[in-house]
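Subject: The structure, with notes

Hi,

Here is the structure I promised to pass on. Have a look at it first, and then my notes on what turned up are below.

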Amino acid sequence: MKKIITTSIAMAAMLTAVAAPDTEEKDSVAGFEFKDIVTIPVTSVKDQNKSGTCWCFAGTSFYENEIRKAKGDSLDLSEMFTVRHCYADKADRYVRTYGKINFAAGGSALDVPYVWANYGAVPEEVYSGLNYGEDKHVHGELDAVLKAYVDAVVRNPNRRVSTAWRNGLEGVLDAYLGKLPETFTYKGKTYTPQSFARSLGISPDDYIAVTSFTHHPFYKPFVLEVSDNWLWGGYQNVTLGELREIVDNALTNGYTLVWAADVSEGGFKWNDGVALMPKSKEEGDMTGTELSRWVKLSDKDRASDKFNFKGPVEEIEVTQESRQEMFDRQETTDDHGMEIVGIAEDREGNRYYKVKNSWDTNQKYDGYIYVSMPYFDAKTLNIYVNKKAVPQKIAKKLGI
């Protein structure tokens, strides 16, 4: 099997240094066997359930783990406090732009620091956002009601926007998610959301969002053109190789990362706990029996047949150019946010990133998935990471 990546002696030494041999795990599923080389201790896997709030679950988990790394505290912070503020501010921008931007449940990793900086944070026990008769997050009705409401405001039937529409929006959010706390008591201390956020030691200025595309200059920030970037936030631009360098350096030094990616590919097999970018099958690679079956398949079935893998397979080689083409042709879209928490290998020595998801724990790896290097290279939209985790030579190019 062709290996898409190379591993330097220096990297191998770093990985060995941070690995904990007595905690390395081996699991097999559908012919895969993964060995965890680097696994960063993290807070528990959560469940976004039927809500489009993966961006907040990933970003909140990331901040929880930054706090854990710095202080050793394992906190459970409220996602819905952040979601609530984003719904309100997104609605304001939607109305101000006459409905010409996206208004939906989705967001980006930049939304969490935005809320922390402007509104603060609260523990999960203070604001669960479950005020509508459900035990888990189910936002279908809420999203539909909010969209209908802001669209009615944008239509401007009074010929000028009323002074009441924001109060009406807050009423809807209060009804579904609950009223926002002005003060609360946590572990015997009284806080406001702002003072609680300050007590956690997180400064949004210490973090950076990074991507890798050629339609903008490298080493300069640009507004990433995806609909969920409603903040019009800036992303630093590096080469594909440097993007991977940042991830590797972060993980080997104990830092996790937020990962925004396209998970719509057939090779993203959540229940099996693995994501690959298989190479298309060619006639010359098949035995007689395989070939006789393959030639009888329809074009659609042939296209999907490459995703019928039961173990490691040869994957496509991803270049800066092919990655860009996938984005330009909208084959790579902004689908999902997760958190990269480790490095692993399969039985053939191919490297993977271990990724924490927010789709509960009822799958093969209890809420985690192993993502191959080609999948990461092809389908990454961006990462969000502590500036201290960026290699010095790259940080210098970015001016951070």
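Cys-56 has a relative accessibility of 0%, so it counts as buried (buried means under 20% relative accessible area, exposed over 50% and partly exposed in between, with a 1.4 Å probe and protein chains only). Please keep in mind that this is a predicted model, in which local features need pLDDT of at least 70 and side-chain atom pairs count only at pLDDT 80 or more, while totals for chains, interfaces and linings use all residues. Residues are numbered from 1 along each chain as its sequence is written, and side-chain values use heavy atoms, with hydrogens and water left out.

Searching the whole structure gives zero disulfides.

Helix 2 (residues 54-71) and helix 3 (residues 79-96) have axes that come within 9 Å and cross at roughly 130 degrees. (Helices are DSSP runs of H or I with at least four residues, strands are runs of E with at least two, and both are numbered from the N terminus. Axes are lines fitted to C-alpha atoms, for helices over the stretch in contact, and angles run from 0 to 180 degrees between N-to-C directions.) The two helices are therefore oblique to each other: angles under 35 degrees count as roughly parallel, over 145 as roughly antiparallel, 65 to 115 as roughly perpendicular and the rest as oblique.

Ser-108 sits in the loop between helix 3 and helix 4 (111-118), and its 8% relative accessibility makes it buried.

Tyr-235 leads on to the strands, where it stands opposite Phe-222. Strand 6 (residues 222-223) pairs with strand 7 in the antiparallel sense over two bridges; two strands pair if DSSP finds at least two bridges between them. Strand 7 (residues 234-237) also runs parallel to strand 5 (residues 207-211), joined by two bridges, with Asn-237 as the partner of Thr-211.

Is strand 12 buried or exposed? Six of the six residues of strand 12 (residues 351-356) are buried, so the strand is largely enclosed by the rest of the structure. Arg-351, Tyr-353 and Val-355 point one way, and Tyr-352, Lys-354 and Lys-356 the other. Ala-344 is opposite Tyr-352, while Val-355 has Ile-369 as its bridge partner. Five residues separate strand 11 from strand 12 in a hairpin, and Gly-349 in the turn has a positive phi of about 90 degrees.

For the overall picture, the chain has 13 helices and 14 strands, and 52% of its 400 residues are buried.

Best wishes

How values were computed. A disulfide is a pair of cysteine sulfur atoms within 2.5 Å.
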